[in-house]
Amino acid sequence: MQYAMAVAPPPPWWSRLLARVSGTRGTAVVRELRPRARITTHDERPPTLTDLYRARRLDMVRLALFLVDDLPTAEDVVQDAFTAVCRAYGTSLDGLQDPGAYLHTAVVNAARSVLRRRRTARGYTPPHQPASAPVDEGLLLAEEHRTVLEALARLTHRQREVLVLRYWSELTEAQIAQTLGLSRGTVKSTASRALDALEKRLEASR
């Protein structure tokens, strides 16, 4: 008797592009900066804010870039997020059980604040124009990457947050729900609608 094996469907082509936007500075460096990387110290002491900054800053800047569209603003968002962590837990991070998860939430909240201010400003000024091209534009905005980023920008903010956290930050549904303050059911349904919308836009652009 033969048994059919269930095979998981391959990830959508654009999710691989989204992951590659992280850069090509070497597998070891990219792995170190991925959200799942463990924050370690040489003397086995608990990680501090400095350790968190060194391990996660670049990854958080790239996460923020997907949410706010331009590099200078993304850097400001991450700076605000680290400031929020410091205010809440100090430089020793005493009492903070999961610094990485808290930082994700802080970055998303800071990005939301930027987008709210931007929407308000648009009522009085011309639409926001991205700043001059970042130094690593060749990595971030190759033509195929540009297409993905433009399609992401046309989703709702919540849809964009869910997809970026899922495919860039590689968070689970439960982790995304915790980060965004949503139920797992809302995350799942939002991701489904976002995927449908994104796929349609990307297929139309090909």
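Which residues in α3 meet Arg160, Glu161, Val164, Leu165 and Trp168 in α8?

Author: On the α3 side, they are Asp59, Arg62, Leu63, Leu65, Phe66, Leu67 and Val68. Meeting here is a matter of contact, that is, heavy atoms within 4.5 Å. The helix names come from DSSP runs: a helix is H or I over at least four residues, a strand is E over at least two, and both are numbered from the N terminus. Before going on, keep in mind that this is a predicted model, where local features need pLDDT of at least 70, side-chain atom pairs count only at pLDDT 80 or more, and totals for chains, interfaces and linings use all residues. Residues are numbered from 1 along each chain as its sequence is written, and side-chain values use heavy atoms, with hydrogens and water left out.

Back to the pair. Two packed helices are described by the angle between their axes and the distance between the axes. For α3 and α8, the axes come within 10 Å and cross at roughly 150°. Those axes are lines fitted to C-alpha atoms, for helices over the stretch in contact, and the angles run from 0 to 180 degrees between N-to-C directions. The crossing of α3 and α8 is right-handed; a crossing gets that name if the near helix is turned clockwise from the far one by less than a right angle, and it is left-handed if anticlockwise.

Now pick out Phe66, one of the α3 residues in that list. At 3% relative accessibility, Phe66 counts as buried. The cut-offs are under 20% relative accessible area for buried, over 50% for exposed, and partly exposed in between, using a 1.4 Å probe and protein chains only. Phe66 also shows how the chain folds back: Ala153 is 87 residues away in sequence, yet the two C-alpha atoms are 8.3 Å apart in space. Leu58, also in helix α3, is partly exposed because its relative accessibility is 24%. From Leu58 to Val78 there are 20 residues in sequence and 9.1 Å from C-alpha to C-alpha.

Val78 itself takes us into helix α4. With 2% relative accessibility, Val78 is buried. If you leave aside its neighbours within four places in sequence, Val78 is in contact with Arg57, Met60, Val61 and Ala64. Its C-alpha atom is 9.8 Å from that of Leu65, 13 residues away along the chain.

Follow α3 to its end and you reach Asp69, in the loop between α3 and α4. Most residues other than glycine have a negative phi, and most peptide bonds are trans. The phi of Asp69 is positive, near 85°, and this residue is partly exposed at 36% relative accessibility.

A nonpolar core is a set of buried Ala, Val, Leu, Ile, Met, Phe, Trp, Tyr and Cys residues joined through side-chain atoms within 4.5 Å. The largest one here has 48 residues, and Val68, Val77, Leu103, Val107 and Leu152 touch the most other members. Helices that each supply at least two of its residues include α3 (49–68), α4 (71–89) and α8 (157–168). The biggest share comes from α3, with 10 residues. As for Val77, apart from its neighbours within four places in sequence, it is in contact with Ala64, Val68, Val107, Ala110, Ala111 and Val114.

One last step back, to the whole chain. The protein has 10 helices and 0 strands. Of its 206 residues, 40% are buried. Among contacts between residues at least 6 apart in sequence, 68% join residues at least 24 apart.
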